[in-house]
Structures are given as C-alpha cells and as structure tokens.
Amino acid sequence: MRTLITVILSWFISSFAFSQEETKETIKDTTKLKEVLVISRHKLSNYRQEKTLSSIDDYLEKAINVTMIKRGNYAWEPTMHNMASERMVVTIDGMQIFGACTDKMDPITSYVDVSNLEKVAIGSGQEGTENGHVIGGGIDLKLPTSKFNGSGFKSGIDLGYETNGNYKTTGLDLEYTGNKFFISTDGIYRKSDNYDAGNNQEILYSQFEKHNISLQSGYKFSETQSIDANIIYDRATDVGYPALPMDVSLAEALITSLTHYYNPEDKALKSLETKLYFNTITHIMDDTKRPIVPIRMDMPGWSDTFGFYSKAELMKNKHHFTFNLNVFHNKSLAEMTMFSNNPNESDMFMYTWPDIRTLYSGMFIKDEFHFNDNESLVSSVRLGYHNNKIAKEVGAQSLQIFHPSVDDEKNRFLISLASAYQLKKENYNLSFGLGYGERAPSVSEGYGFYLFNSFDNYDYIGNPNLEDEKALEANFSFKQNFNDFEIGIQSSYFYIMDYIIGDIVPNVSSMTIGAQGVRVYNALEHASIFDMYLNSSYKISEGFAINATVGYNYGKGNDGENLPLVKPFSYFAEFNYYTSKFNAALQLDGNGNQSNFSSQYGENETAAYAILNLNFGNAFYGKLGKTILKYGIENILDANYSTYADWNNFPRQGRNFYINLSLVFN
Amino acid sequence: MKFKYIVPIAFIALFSSCSSDDDNITPTVNEVEGLELIQIIVNGEQTIELYNEKGLFETGYNMISLRLKDNITDTYIEDATLSWMPVMQMPTMQHSCPKSNITKVLGKDTVYEGFIIYQMTNEDGSGWSLTLNYTIDGVDYSVSETISVMQYDNQNTASFMGSDDTRYILALIEPTDPSIAVNNMKVGLFKMENMMTFPVVADYIITLDPRMPGMGNHSSPNNTDLTFNNADNFYYGDLSLTMTGYWKLNLKLLDANNEVLKGEDVTDENESSSLYLELEF
C-alpha cells in the first residue's frame, strides 16, 4: 500500500513538473441528428461527463436524446424519444446482440464497459437504421479502431471511489502498437454496496459487482488490408434490483469478432469492412437473497447470436455512399422454474421464451449528397427480411392457450426510409428530416409467456400474430449563434401505427402471485410521440460558460390515453469554468411534475425534483504521461427523489462524493 | 498384411450368417409390444394374460389388454368372447366398479381389450378380485382370481353422492401425457345403479376450472366445459395448462336441466370445489 501511495505521489509531482500538453474539449453539437459521445477516459473534459470512470449508462444518460430507465443501480435501459429497447437497435460495433433476460434486466449496454469502447454513435429515429430497423433510434457502441502507428507500449491505471455505496472501481489497460501489429488488453472491476437515497435511506438490493476484460489485436498485411480480432468477456454477479422482486446472480457475456479492413487508396471505394461475429449471453435471475417471497423461483435465460456484416464506403463526385449488408441469427431461450411451498408438489416449469430463432438479412444504403459546401441531403433506405421460428414445439402449443392460431414460423419484410436536408452557415445550422420505418415485434412481444412486469403489475403474454409496427417521422433542428450566445432547438415527431402495447385480457388469472391480471401484446391503432429540446449557451469569458436545456415530451395513444414512460418537462443548467488543466462545473438538473402519467400502465404522478451537482477536473501532464483527476459531489443537497424513469419510483442516490484518477503512461 | 482383409471378411461372414438365421424364422409380430404384463391367470387348459402400459392395476381408469392362450397347443385363441366382473370385498358387503365390455382389438389377431375404473382400494392393494367369463367354441369357462390394485398418487377418480341422492363415479382418462398447451381432456361418468351395475351417464355437463394451489390458485384461460360424446360415451373438453406442476381440476357436475349435482365455484373465499380431479406433470 505504501509503495502504491509513493508511486502515485511521485507521479503527481512529476506530472506537475512537466505539464505542457493541451487537450481539446469535445462539445456536443445538439443540432446533429447523429450524436457521438466520446468515451475516452483519458481526456479531461468530455462535455458533461464529469467522471472518467462512469459506466456506459452514465455516459449515455448525458446524451440529449437518451434517457435511462432504472431498475436498480446497474444495467439501466436506454430509451430514445420515449421509446425503449424493443423500438431501438443497440449494437456493439455493428454486431447484433440481444439481452437474455425476459424482464429487460440486461440491456446490451450492461455487457460492455467504458474500457472496451471508443465512442457511442446515437442515431435518432430513422437516422439510426444503419444496423437494424428502428422506430426510436439506434445506438452503436463503437470499439476502438485498429491503429498501426508504431507508438509502442502504453499503459494506464484507473482508480475510482465513491462514498455513497462504497463504490470502488479499478481499471488497468496495456497496449502495444507497432507498425504492422497491435495488441491491447484491459480489465475493469467495479463493486458497489447498497447505496443510500437522500436522508440516509439505505436502498436494499442495490449492490452489484462486475468484471470486464477485453483483448483486441490486429495485423496489417499491406498498406490496404488489415485484420482485427476482438474478445470481450463481461461478468456481473450479485446484482441487486431494488425495484424488482428478483435479483441477478449472474449476467455473463462473451462477445467475439473478427474484422477485415480494406482501404484502397485513390479509388472511389474508400473502405470495405467485413466483420464475422459471435456472442453468447447467460443471465440468471434468482431470489435467494430475498427473505420473503410468495414462491421461490429460478429464471435463467440464454441468448446466442452470430452473424456478419459487410460495409462499404464509396465517394463519387458529390455523393458519399454507404452500403451495409448484414445477416444475423439469434436464439433466445428463457425458462422459469418455481418451487412449490408444499414439498410434496412437483416443481412448476415453463418456457418464458420458448427457444425463439430470429434470422435477419438486410441491406442498408445511404447517400450523403453535398449540393455545395453548405447544403447536403442525406437519404437512406434499409430493406430486410425477418424470420422468427419457434424451435420448441411446446412453445407454439403454450401460446395456443391464448391464440387460436400460432404458426411455428413468421416471415416479415421490413422497410425503413429516411431523408434529411442540412444547411450549415456561419451563424446558423438547420436541418429537416422525414422518415418512415417498420419494425418486427421483439421476442417478448411476439413470444413471451407470462412475463411479469412489476411496473404495471401484470403478466404479459406474447402475440405471434402482431402486425409490424410502423412509424412516420419528422424532425427538425436549428441552431443560431450570436457572437458568444448560441441558441438551438431540436424536435421530433413520430406518428406510430400499430403501436405495440399490452392489452388487458379480462378474467384471465395471472401466474405471478399478487399480479393484477394478464395482458396480451396487441396494438393501438396509432400513437403520437413528440419531443422538443431548447438549449442555449453563453460564453461569459474565455474560461467561463453557462448553458441550459429545457425539454418537453408528449406521448398519447389514439384512445386519448397517455403512453407510459414519457418524460415530463425537464431542465438542466450548468455553469462551468474550463482551462486546459482544470475544469469545474455546477449543475442543476431537474424535472417538472409528471402530470401526464399513464395510470393504465402502472404509472403515478412522479413529483418534481431538482438536484445540484458540483464537479472538478484536473489534468497533469508529465514526461511519462498524464494524470486525469476528477472529483465532485453529486446531489449536494441530499434530495430524496425519483424520476419518471425509475421503476416503481424507487429513490435515486443521495449525496455522493466521488473521485476518479486515471494515470496514463505513454 | 493379409490380416486387414481377413478381419472385414470375417465380420461380413459373421453378420450375414446372423441375418440369414433370422430370415429362416417366420416373423412373429409381438402384438403386446410396449405393454407390460400385469398378471397371468391359469384356468385349466387356458391361460389369461392381462397387460397394460404400467404392468399394474391402479385406482382410476385402467385400459387393459388381454390374451387367451390354449395351454395344450400353446397358441393364442383368436375367436373367444370374454366378459369380466371386478369385485371389491368390503367388511359388510361387496361391490363392483365401472367397466367396459371386452372387445377384440382392431387389426390384431390375439389381443382383446377393455377398461376398468377402480374407484378405491385398500392401502396394501388388497380387496379386489376379478372374475373372467369366456366362451370358446360354444363352451363356457369361468375363473376368479385375486388381483392387486394400487392407490394412484393423485386423485384421478372421484366417487361421490350427488344432490339427487345418486352415487356417481367420475374418472380422468386423458390427458395421459399432459403438456403446456391446450390439452384434450376426457373423462368417464358413471352412476351406481346398484352394487354391481354402473351404467354410463349421458348428456350431463361437467364444468372445468383448473387451478394451481401452489401458485396462489392460478388458473388458466380458455378451458371448456366437458360435454358428452355419444359416439364413445365419454365426456370431452379443453384443458389449458400454463406450466408443469400440480394442478387441481375443479369440477361441477350439472344434469341435463343444468341443476348442480355436485361441486362449487372456485372464488377468493372458496379455494376449491368439493368435486375435483388432480393432475401432476
């Protein structure tokens, strides 16, 4: 321990002594439909990313279009435009990967860590169809690109501590980069105990523990061709879900890929990238830590996906084409075993996902046409063939209890179209886009069997006969600069036809003890979702800036009822100071009263809240490398609050002091 | 070097000789394949073999296959007529139980079949005897033998007094292999006319409400009431089972005038009907 302290101290001293280097601030451009979050831990300031060791979830939450649904302190579910997982496609560097939990306790974002990624590309609405068919949008978690720049050995250490929950993070990464070969590896370990909400209220079952290691290596055959292999192994254990009746004893993912790059020079074809991939997920829900349950149960789930994509970039005249051909196959299987309180009765068993196979093949074409330096038109189309198959005979039979006709197989042809006009001038930016998209129901929506939703307290049954969900979309954004003052607006409107949602089936008894009843997935004729964000920033002086964002969201079905999980009026304001070696920010984050809640789907009126955060960052540059230190206080006033996106209104973290330290050895 | 040729040749010779042995024997079809022998009853020149799938009698519905062998010629008799009478000896009286006639199995030469529904037994399986009467070439024979009837784990048959002061016997016949699905449910309903006569009851209705007491009395949707099928004299309905485990099939028996003869609705206050069958898988 003493040697460690000595090392760190001497590191600091050397850093102070040789501070020279400059970093550039990455400021989020809110007028871009395609939002990119930079996840490099080793930069002083990524806009609003105050912790270098944030989870991916934390990073995503900072994006304007993304809100995270929380069921605990781990594995948050991203939503875009008030639409959750089933209306989005989340991919890891173009690889399809699907959670293995029937209760959405393992969004894909929980199987990677910041150390695995370089950036996150967020495509709003139909702009996000590069990797699949979406309504709300697509998120692609980008792995680091291979580099052959001969920079040699590099290493880094990350240490983090947060007082609330006694949350410890340790990370280590090593890399060697030659001119023809590189290899890099990193590991990260996180462990948190139960956290406290405001007023020292301990939130039971909010603990988690996670290990993540990854290995990436590449070889460059020639100036134009290289190959890259990547393996990520992620294992979370003892994850508590305070908002749910069950926890997770294991969430494990192995994500592998092999990528070939071809970058011919001086040709119309700029790049050709082909990736083969395979990933497997095991997710085990259990309730052994809960002292009192109506009945003990085990709910394991598995999801295996393999596939490939081939992506080409072409530049010709004023056109920039992107072609992406992708094929994948997924197997989703989940089961539930309940152990009767009467030991003489045999265990109760069912398939909650009866081995559903999804085979998808599709083609994406995008053209970015530049009329001139200022104007461009981006158009894209995705065509896909989607096939679902129930591999277990008992799966089809069990669904026949609810649906008179259930076919083993279902084929769908899906289409997504989008077009956006962008105008960029010195003082203002403008964009306007239209889109049309279709999506197939998710495995749960199509084939789930008695999936308990603790939010509205109903058991859900899938419906294999659902129509495709279709959406018409319009979006608009505008940004204007007046010297040091900038104001921007962005807005999206979705008119969704055959909006998939659960319908109560009267007089059907729930399976889950204590549930109110059963809903079968069905569709509203149509639903409308609208959101608008207004943001402004003012640069007071060289280092000082102030910025603020307010948001308005709306979602209603054709029956006039509110849709669930629609964000209420929200606001965010930040006062920050920034130099190349130091930054500080005071943040105010809040939501208005959630008055347009959906009582039908288990929501109640979530009260307004506001919290204050204060954060600091220091960068020290030395001969050996650099040191990034981030520290601050979250929820300074120790408010006890929950937001509309907190499952069953369980309260969020109270006051928290944190410190993150990253050492990078060049 | 030659050894490697000799071995396969030797094998071929061995196997081909084996198969040629088989060819020489006239193929005999085992007509009771897949069935287990329950008991052999020897009656002078004949032997009666009793079979079913489990190889034992249990309370509830028993489908029974029989063969009748001529002990002298050691061949099975193909054109006999058979009937039977199971009897349970009680301390003060004796009674029989619902049963079918014995008929020749379609497509088989030597096998006869029928069913018996044992509504009760003693703990040790004792108490029952079976009398078989049969006619071969105009000659009548009869034999009685003690049989063992074991208690089935679950309640697969119910014997009860209806509100019309008639004693009824209800037995679960299908599903024999239940699955998480809409299962075809088949029951037999008989009334006790006297100690020895149990005729089929036709055109009543049996309502069905399957429940899982272990799961907070969870029920399943889209079950149908059981109705009488006069083609085979059984009652049929749809039974939805949403998971494996222990199911209590709560029933109500209604007569042709929709009068409830036995059973009650399951409600929050009333966990179970007094008329029920059990199923576990």
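**Entry 1: burial in chain A**

I began with how much of chain A is buried, and I found that buried residues make up 46% of its 666 residues. A note to myself before going on: this is a predicted model.

Next I looked up the make-up of chain A, which has 4 helices and 33 strands. Its radius of gyration is 25 Å, close to the 26 Å that the globule rule gives for 666 residues, so chain A is as compact as a globular protein of that length. I also took the box along the principal axes, and the C-alpha atoms of chain A fill roughly 75 × 60 × 50 Å.

Then I turned to contacts along the sequence. Counting contacts in chain A between residues at least 6 apart in sequence, I see that 65% join residues at least 24 apart.

**Entry 2**

I picked out strand E29 of chain A, residues 570–578, and followed its pairings. On one hand there is strand E28 of chain A, residues 544–557, which pairs with E29(A) in the antiparallel sense over 8 bridges. As an example to find in the view, Thr549(A) has Phe572(A) in E29(A) as its bridge partner.

On the other hand there is strand E30 of chain A, residues 582–591, which also runs antiparallel to E29(A) and is joined to it by 9 bridges. Here I noted Phe575(A), whose bridge partner in E30(A) is Leu586(A). How many residues does the hairpin from E29(A) to E30(A) pass through? I found 3 residues.

A reminder for reading such strands: in a regular strand the side chains alternate between the two faces of the sheet.

**Entry 3: the two domains of chain B**

Domain 1 of chain B brings 12 residues to the contact, and domain 2 of chain B brings 11 residues.

Which strands of chain B each supply at least two residues of the domain 1 side that touches domain 2? I noted strand E4 (60–70) and strand E7 (94–95). By class, that side of domain 1 of chain B has 6 nonpolar residues, 6 polar ones and no charged residues.

**Entry 4: where the chains meet**

Last, I looked at chain B against chain A. I found 19 residues of chain B in contact with 24 residues of chain A. The chain B side divides into 7 nonpolar, 11 polar and 1 charged.

Conventions:
Residues are numbered from 1 along each chain as its sequence is written. Chains are lettered from A and ligands numbered from 1 in the order in which they are written. This is a predicted model: local features need pLDDT of at least 70, side-chain atom pairs count only at pLDDT 80 or more; totals for chains, interfaces and linings use all residues. Two residues are in contact if their C-beta atoms, placed from the backbone, lie within 7 Å. Ala, Val, Leu, Ile, Met, Phe, Trp, Tyr, Cys and Pro count as nonpolar, Asp, Glu, Lys and Arg as charged, and the others, Gly among them, as polar. Two strands pair if DSSP finds at least two bridges between them. The radius of gyration is taken over C-alpha atoms; the globule rule is 2.2 Å times the number of residues to the power 0.38. A residue is buried if 20 or more other C-beta atoms lie within 10 Å of its own, exposed if 12 or fewer, and partly exposed in between; C-beta atoms are placed from the backbone.
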